[in-house]
Amino acid sequence: MTGTFLFFYMAPIEDEEILHKFSNEHTRAQAFEMLLKKYQQKIYWHIRRLVIDHDDADDLVQDVFIKVWKNLANFRNNSQLYTWIYRIATNECLTFLNKKKQKNNVPLEDVSYELADSLADSTYFNGTKAQMKLQEALLTLPEKQRIVFNMKYFDDLKYEEISEILGTSVGGLKASFHLAVKKIEAYLLNHD
Amino acid sequence: MDLNSTNRDWEKEAPRLAEMTRANPFSVPPDYFSELQSRLQGLAYIQSLADHDSTSGFTVPDTYFNELPENISSSLKMERLKEDVKEAGYSVPEGYFTTLNDTIKRRTVKQKHQKSRISHILTSWGSYAAAASMALIASIGIFLYQQNNTLEAKLARIPEDDIVNYLKVHSDPGDFPVILENLDANELPKPEAPLSDKEIQQYLESTTL
């Protein structure tokens, strides 16, 4: 019984331990494995909620962690490790969405229509009708507002943490979040 | 709306949103995250090889590592696509491959016959030329052999002294002028003493027929 308990209990991986191991060339690979175990899913879902399509998210998550690998040695500890990774992921997503806009030569709002189509056609969407409507509502928001909403609503991050990630003030983030909530509520009411 | 609130007061402002469960509506392929972990570790390893200064001298094209994640991703997509779509979906008319076989054979066998006719002609001419050359060489050989085997050729090979000595022993009286003709003046025997006219007359009367 104790053995079973111990089997299922996994001590949380501390960022300090990851950084310490990563600083040593001999334990770098081990550190990276620990980092992936801790963050890969969180980062994946953060990306996925922004770009909708699984394959796009898959590409981006690889890009993000390659950047993490390349730059972690230079990480200065002036922020939390996971906010640093989140920032990289968010920037990659914004770059991706901008490229999509440029590639298709469409305004940003039309990129949202494309994402909405992707949502409708997606094999990897198992939500209810209500959840589909929520995602559609989210796609009507400006990108930054959508990011703030996702991090607050789905990831339950604190405003201070989101501020570290986006480099926006806490006040600005609160305003952004509440505006997003209003628009979504209006969308849900109007598309009943 | 109270912007200073850090609690979930927004729920009062947006009841519809608040009553929705915060479940994740998105899903991923089976085993995606365990596969992702391996893939990311692999990419990191490759990146570390690229970054390492003391390389074994191998290099890669400039954009290789930038393109690698995309290439790996494309390969994986291809694999997944192959699993989903096993055939290309093209079809051919019934019996196509059987008739194709015959068509190809017909065209290649015909060509083979044409080629063998031409090569047959060339081979014939070649053999005629070879036969003619052999005949010419044989003729020349026979001619030369015969040249070497005439009486004059044979005699030319016998030393003159041997011929003269032979004639001295085996000659007829008619051969005497021939012998004299071919003898060197020095070879003529010199009498020990000069002969008188009377002796010569007697000799001639005794030998004349």
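**Entry 1. Charges across the interface**

I started with B:K77, which forms a salt bridge with A:D59; the closest N and O atoms are 3.7 Å apart. The model is a predicted one, and I kept that in mind for every entry below. I then looked up how many salt bridges the rule finds across the interface of chain A and chain B, and the count is three. For polar contacts across this interface, I noted 15 residue pairs, both residues being at pLDDT 80 or more.

I next asked which helices of chain A supply the side that touches chain B. I found that α3, α4 (54-71), α7 (129-139), α8 (143-153) and α10 (170-190) each supply at least two residues. The largest share comes from α4(A), with 11 residues.

**Entry 2. Extent of the contact**

I looked up the residue totals: chain A puts 48 residues into the contact and chain B puts in 39 residues. The two chains bury about 4200 Å² between them, and 62% of this is on carbon and sulfur atoms. On the chain A side, I listed A:Q62, A:Y153 and A:H178 as the residues that lose the most area to chain B; together they account for 16% of what that side buries.

**Entry 3. Rings**

I counted aromatic pairs over all chains and got 18. I picked out A:Y44 and B:Y32, whose ring centres are 5.2 Å apart with the planes at 55°, so I logged the pair as tilted. This pair crosses between chains: A:Y44 sits in helix α3 (residues 28-51) of chain A, and B:Y32 in helix α3 (residues 32-51) of chain B. Are these two residues buried or exposed? I found both A:Y44 and B:Y32 buried.

B:Y32 also pairs with B:F33, and I recorded that pair as edge-to-face, at 5.1 Å centre to centre and 70° between the planes. I checked accessibility for both partners. B:Y32 has 2% relative accessibility and therefore counts as buried. B:F33, at 12%, counts as buried because the cut-off is under 20%.

I then followed the ring pairs to a cluster that links A:F149, A:Y153, A:F154, A:Y159, A:F177 and B:W10.

**Entry 4. Charges over rings**

I looked for charged side chains over ring faces. B:R22 lies over the face of A:Y153, at 4.5 Å from the ring centre.

Note on methods:
Residues numbered from 1 in each chain as written. Chains lettered and ligands numbered in written order. Heavy atoms only, no water. Phe/Tyr/Trp six-rings, centres within 6.5 Å; stacked < 30°, edge-to-face > 60°. Helix = DSSP H or I, 4+ residues; strand = E, 2+ residues; numbered from the N terminus. Buried < 20%, exposed > 50% of the residue type's maximum accessible area, 1.4 Å probe, protein only. Lys NZ or Arg CZ within 6 Å of the ring centre and 35° of its normal. Contact = heavy atoms within 4.5 Å. Buried area = accessible area lost by both parts, 1.4 Å probe. Salt bridge = Lys/Arg side-chain N within 4 Å of Asp/Glu carboxyl O. Polar contact = N/O pair within 3.5 Å; in protein donor to acceptor, adjacent residues only side chain to side chain.
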